[in-house]
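Please keep the sequence and the structure in view while reading.

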Amino acid sequence: MYSIRILLLAIIIITFAGIHCKSSKSQGNTSTVSITVSSNFDSGSIDTLWESQPGFLTGWPKHRKQKSSSDDQYYWFYFKLDHTAHKNITIKLDRLAGTYRGGPHLIYTKSTRPVYSYDQKNWQRISDVQYDPEQHSLTFRNTFTSDSVWIAYAHPFSYSQGSAMIDAMAGSPFLTIETLGTTQQARNINLLTVTDTAIPDDKKKVVFITTLQHAGEYCGGYVVEGLLTFLLSDDENAAIARKTTVYKIIPMMNPDGIFHGITRFNGNLEDLNQEWDDDYTDTLHLPVEPEVACVKKWLREWKSSGKNIDLGLDIHSQGQQGSMNLLHTPEGMLADLTPHFNKYWPVKYVPMEFSGSLNDCLAKEFHIPSGTFEIPQSRIKNEAYLTIDDYYTYGKGIALGITDYFRR
Ligand SMILES: [Zn+2]
């Protein structure tokens, strides 16, 4: 009896040892381990994605319905893959069709090039990409050198990245930061003022610049980072800009949407850029969204205290659909502005208005000359695909162009 027990114990030990050996062997050889997918991080988003065959992942991005309409927005994706080293990986995303302002929204094209990174800082484009316009699917493949990789529709600009940018600039003598209000999820709407306080403000022009109402248009974060970095720099043209201009900048208009990687909506699933007329002409959509309400409150107080705003610019993106930087304005405003930008970066003037937009509200309710930039997340015409450095250059070019415009 005793020897039978020893024999059984020995069999159990040998069996466990065998299992253990087998599992450590498979962990040591990454090519046999399944690829895992995650998006539970700042700005991350994917609805469904799984490895249906070794090295082949299939799924689709998150579709979200707008609270006040039937619009369906879907295009932003940003996920992490693990166990990827030295594998040739193919990813096929389907369901790439939605609706915008009641019409079809097909933002993917054959020119779409997603980005990837091994550190969430340095991004490269994926070049082997096919778009199927009949099936609304995008298939892309790449061999990754690292065992973990982040992949996104375009360069992400996360909420923590935006917050770290503001913290890093906070010590500058030319910068003041105030909080205008908070979002539904208690994130701050920050207003940054850049100017040289040694010169009285009543001798300066005032420029109001905003971005990231639509989270999927993350390139706006880099444009504003480039603008702020230049304005706070030792460059002699930055000193001129600070002496002649008060810059009022909101770098993240939709922090909840940015954090959750929501393509176009805020935390309440509303498109902020259709909400700016709610308490003016479009009372059907009341109450005003918290992001809009706090900024409008500030604008009204600013104007009622007798101060002016000489120029308003809201930075957006056409995603990877666009192939030119555009400046849209209502009522043919600012027709003479783009030649000044064009000394530093290419922008085409295309008058166009959007009801309920911030641009429309600044122009019609507050009588501020204003425009909306649309900056591609792909490339300009057939030139090289845009990089983060290009967006920084655009930000600097906005400041230089504005100084020239006011000096004309
Ligand atoms: Zn937009």
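## Basis of the model

The model is predicted: local features need pLDDT of at least 70, side-chain atom pairs count only at pLDDT 80 or more, and totals for chains, interfaces and linings use all residues. Residues are numbered from 1 along each chain as its sequence is written, and side-chain values use heavy atoms, with hydrogens and water left out.

## Two domains

The domain assignment of the protein gives domain 1 (32-152) and domain 2 (159-407); such bounds come from an automatic or database domain assignment. A distance of 28 Å separates the C-alpha centres of domain 1 and domain 2. To their contact, domain 1 contributes 28 residues and domain 2 contributes 35 residues, where contact means heavy atoms within 4.5 Å.

## The interface

The size of an interface is often given as the accessible area lost when the parts come together. Between domain 1 and domain 2, about 2,600 Å² is buried, with 45% of it on carbon and sulfur atoms; buried area is the accessible area (1.4 Å probe) that two parts lose on being put together, summed over both.

One salt bridge is found across the interface of domain 1 and domain 2, a salt bridge being a side-chain nitrogen of Lys or Arg within 4 Å of a carboxyl oxygen of Asp or Glu. K67 and E289 form a salt bridge in which the closest N and O atoms are 3.5 Å apart.

## Two open sheets

Strands of a sheet pair through backbone hydrogen bonds, either parallel or antiparallel. Here strands are DSSP runs (E, at least two residues), numbered from the N terminus, and two strands pair if DSSP finds at least two bridges between them. Eight strands form an open sheet with mixed pairing, in the order 15-16-18-17-19-22-20-21. Its edge strands, strand 15 (175-182) and strand 21 (348-349), each pair on one side only. Strand 17 (residues 205-211) and strand 18 (residues 245-250) run parallel and are joined by six bridges; K205 stands opposite T245 in strand 18.

Another open sheet has five strands in the order 1-6-14-10-11, with antiparallel pairing. Strand 1 (36-38) and strand 11 (124-125) stand at its edges with a single partner strand each, so one side of each is left without a neighbour in the sheet. Three bridges pair strand 1 with strand 6 (residues 78-82) in the antiparallel sense, and S38 stands opposite K80 in strand 6.

Conventions. Helix = DSSP H or I, 4+ residues; strand = E, 2+ residues; numbered from the N terminus.
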